[in-house]
Amino acid sequence: MIKTARILLAGAAAMALAGCATAQAQPAATATSPTAVPIAQAEPEWARPDPKMDAFLDELIAKMTLQEKIGQLTLLTSNWESTGPTMREGYKQDIAAGRVGAIFNAYTAKYTRELQQMAVENTRLKIPLLFGYDVIHGHRTIFPISLGEAASWDLEAIEKSARVSAQEASAEGLHWTFSPMVDIARDARWGRISEGAGEDVFLGSRIAQARVRGYQGDDLGAIDTVLATAKHFAAYGAAQAGRDYHTVDISERTLRDVYLPPFKAAVDEGVATFMTSFNEYDGVPASGSKYLLTDVLRHKWGFDGFVVTDYTSINEMVPHGYSKDLAQAGEQAINAGVDMDMQGAVYMENLAKSVEEGRVDMARIDQAVRRILEMKYRLGLFEDPYRYSDEARQEATLYKPEFLEAARDVARKSMVLLKNEGDVLPLSAQAKSIAVIGPLGDSKTDMIGSWSAAGDRKTRPVTILEGLQARAGEGVTVTYAKGASYAFEDEGKTDGFAEALALAGKSDVVIAAMGERWDMTGEAASRTSLDLPGNQRALLEKLVATGKPVVLVLLSGRPNTITWANENVPAILHAWYPGTQGGQAVADVLFGDYNPSGKLPVTFPRTVGQSPIHYDMKNTGRPIELGAPGAKYVSRYLNTPNDPLYRFGYGLSYTTFGYSPVTLSAASIGPNGSITASATITNTGDRAGEEVVQLYVRDLVGSVTRPVQELKGFEKVMLQPGEARTVRFTLRPEDLAFTRADMSHGWEPGEFQLWIAPSSGAKASTPVTFTITE
Ligand code: BGC
């Protein structure tokens, strides 16, 4: 087969994410301008030439009828429900006739084998089905939601979570996960902020790669790896006003510098598939965007895998007002670069006619078919269609003790200590009676959050109450009262308050487990308020008024506006939705068996009115610092400070860390040089702990304005009490690349500030300045 050429373009064509301080060296530049950054040439294991495969596929495709080809481009759901599998009317005929090439929402070794048999034993060409599923943060053993995992800033832990997910999913007959979701999200109103890695380009790109590595391993043919999907391409997170599926209207520069880099990073890591997004970009729905799907993805980035739609997004091009009917939508999608149609059956029902009437080339159909069949081949399905559907392996794999242990470990690493006044935490040995209060204190169903499709929400999750009870020593009682409700409609009610306050009154410490119900984030879960829903805040105020020490344990998939709590509650721990072992992980942190090390991957606003808000904003021509306090004609609000409640990168520990001033290896470097910045971090407290050391840079003057700070490196270090470690980051000019005034991608000579700090904006010492010369 002739592969898509991996074109190395420089300058205007290169939209690659620049390398990073901790990343591996980029291949040598073939740039036309000395400051332009070439795209990295990725060559995943699965994309290597395989003449045997090419010959096999040539022969197969030559035998296929147009209908059989379109079948391979069709993905349908099995409509699996908890009562058992069902599918749309006539599904058996569809599979047996080869009208379906892939199925999602069907798993277990038994069920996938049954469906596979229908395809292989009944179709003329015996082409096996591909089974996909949303395995997002664990398959059976559920890990913290993706945003929570991102808060660990621990790439090894994140990769491990994806690895375990792949092991469990593949043991249940699955070949393909619709993950990672790599959409940058900067607006907490958007419910899908919970599904990604947060607001930052650099952190998001590294996490995207860790997840792809975890799912795919280094051999797609191994039976315990699955195809990964980079989704949703592209700019889905920029939905206007945070309303899901809403219009996106951003500049080309913002697309390139903010929204595309994590996708490019996934391509570099060898991701096998891409999923389109529901939104439009520059007036064109993503599933009809030749610019995104062909010009960028194929021609500039050299992606060799296949592209699937997000659900019925081809059909949705009609209500978008981009296609006059489904037939046109199908033509626009296939011609733009969509290979597989998920669930909408647009290709199935219209594409043959479009080809026969000459509006779609057979060559384009063959190309899409080949991309899909190639993945089936690489997975080993032509050799043995049932190789992933092995009941004995399934039995031996699910919920392995080591998987549960990994889930607990990632969960505690994901938690962020937001406040700890008077060292309320860790819980003291003197606390003999612990009151757990709040709707999330003993709720199994909420522990695993949204998109935990195959996760058991009824019996397996360990609740906070159960976790604390299991850990509390002899003579310590842990008792529960729900007290409040997170249901929107319960705001103003006080039904459970008396019972909760009575319990608080006779306890030594109150753990208030509050936040959002599990499905208040995720898809189609946007909010215009970020406050604690229901009557939780009212109860929290009353709990604080008892005078008992209160610890707020937040469970939620987005930044909430907890300004009142920050001022009045002594200790706050963000636990996201921590997964199957979440209750134990919360206990590990609250009792101090684990010293919290998470840092926020998103900015927490004080009020929803600050949204969208992110740490790497521009300075504006009237920065607030220019005016005297309270000055009117500067960029600010009349009623709220500009600063967020909690910064991106922020999180406390039970110990403290000191940062030395930064030293630089040189004050000035040339185009081919590099600069090393170092700082010594000391554990100045009396407990061992991990610190996420962060490197920020500001490009002072550019051909276009530049953010006031950008994360360019991070390292998580474990330090014993009193121990000091020097952390070093090396930057090259290309690490500072961006989309310049002429739309080329590259760096610019000039002056830069740099600092090493425990969070964004928190300049631990005076920034140092360096120059890059021409
Ligand atoms: C979501 C995708 C998901 C797909 C399949 C869509 O509604 O946007 O993220 O992978 O459904 O379940």
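Ala230 stands opposite Phe274, a residue of strand S6. The model described here is a predicted one, and this pair of residues makes a handy way into it. Strand S6 covers residues 273–276 and pairs with S5 in the parallel sense, over 3 bridges. Both strands belong to an open sheet of 3 strands, in which the order is S5-S6-S9 and the pairing is parallel. At the edges of this sheet lie strand S5 (229–233) and strand S9 (306–308), each of which pairs on one side only. With direction ignored, neighbouring strands of the sheet are turned by 25° against each other on average.

Most peptide bonds are trans. The bond that joins Lys231 and His232, however, is cis, with omega at about -5°, and His232 lies in strand S5. A cis peptide bond is also found between Ser611 and Pro612, where omega is about -10°. Pro612 belongs to a loop, the one between helix H21 (582–590) and strand S17 (657–659).

A further open sheet has 5 strands, in the order S19-S27-S26-S21-S22, and its pairing is mixed. Its edges are formed by strand S19 (668–669) and strand S22 (710–719), which each pair on one side only. Within this sheet, strand S26 (residues 750–757) and strand S27 (residues 768–772) run antiparallel and are joined by 5 bridges. Leu754 stands opposite Val768 of S27.

Aromatic rings come next. The structure holds 26 aromatic pairs. A pair of this kind is described by the distance of the ring centres and the angle of the planes. For Tyr107 and Tyr133, the centres are 4.9 Å apart and the planes stand at 40°, so the pair counts as tilted. That label follows because planes under 30 degrees apart would count as stacked and planes over 60 as edge-to-face. Tyr107 sits in the loop between strand S2 (102–104) and helix H4 (109–122), whereas Tyr133 is part of strand S3 (residues 130–133); the pair therefore ties together parts that are 26 residues apart in sequence. Tyr107 has a relative accessible area of 7% and is buried. Tyr133 is buried too, with a relative accessible area of 6%.

Most residues other than glycine have a negative phi. Asn105 is not a glycine, yet its phi is positive, at about 65°; this residue is placed in the loop between S2 and H4. Thr108, again not a glycine, has a positive phi of about 90° and is found in the loop between S2 and H4. The relative accessible area of Asn105 is 19%, so this residue counts as buried, the limit being under 20%. For Thr108 the relative accessible area is 14%, and Thr108 is buried as well.

Elsewhere, ring pairs link a cluster made up of Trp153, Phe202, Tyr615, Phe648, Tyr696, Phe714 and Trp755. Rings also meet charged groups. Arg457 places its charged end over the ring of Trp518, 3.6 Å from the ring centre. Arg706 does likewise with Phe738, its charged end being 3.7 Å from the centre of that ring.

Helix H18 (residues 497–505) has Phe497, Ala500, Leu503 and Ala504 as its buried residues. Seen down the axis of H18, these residues fall within an arc of 135°, so they line one face of the helix. The buried residues of H18 pack against strand S12 (433–437), strand S13 (477–481), strand S14 (509–515) and helix H19 (536–545). On the face turned away from this buried side, H18 carries the exposed residues Ala498 and Glu499.

Helix H15 (residues 401–414) contains Arg408. Once neighbours within four places in sequence are left aside, Arg408 is in contact with Gln581, Gln584, Ala585 and Asp588.

Notes
Residues are numbered from 1 along each chain as its sequence is written. This is a predicted model: local features need pLDDT of at least 70, side-chain atom pairs count only at pLDDT 80 or more; totals for chains, interfaces and linings use all residues. Side-chain values use heavy atoms; hydrogens and water are left out. Rings of Phe, Tyr and Trp (its six-membered ring) pair if their centres lie within 6.5 Å; planes under 30 degrees apart count as stacked, over 60 as edge-to-face and the rest as tilted. Helices (H or I, at least four residues) and strands (E, at least two) are DSSP runs, numbered from the N terminus. Buried means under 20% relative accessible area, exposed over 50%, partly exposed in between (1.4 Å probe, protein chains only). A charge sits over a ring if NZ of Lys or CZ of Arg is within 6 Å of the ring centre and within 35 degrees of the ring normal. The arc is that of the directions from the helix axis to the C-beta atoms. Contact means heavy atoms within 4.5 Å. Two strands pair if DSSP finds at least two bridges between them. Axes are lines fitted to C-alpha atoms, for helices over the stretch in contact, and angles run from 0 to 180 degrees between N-to-C directions.
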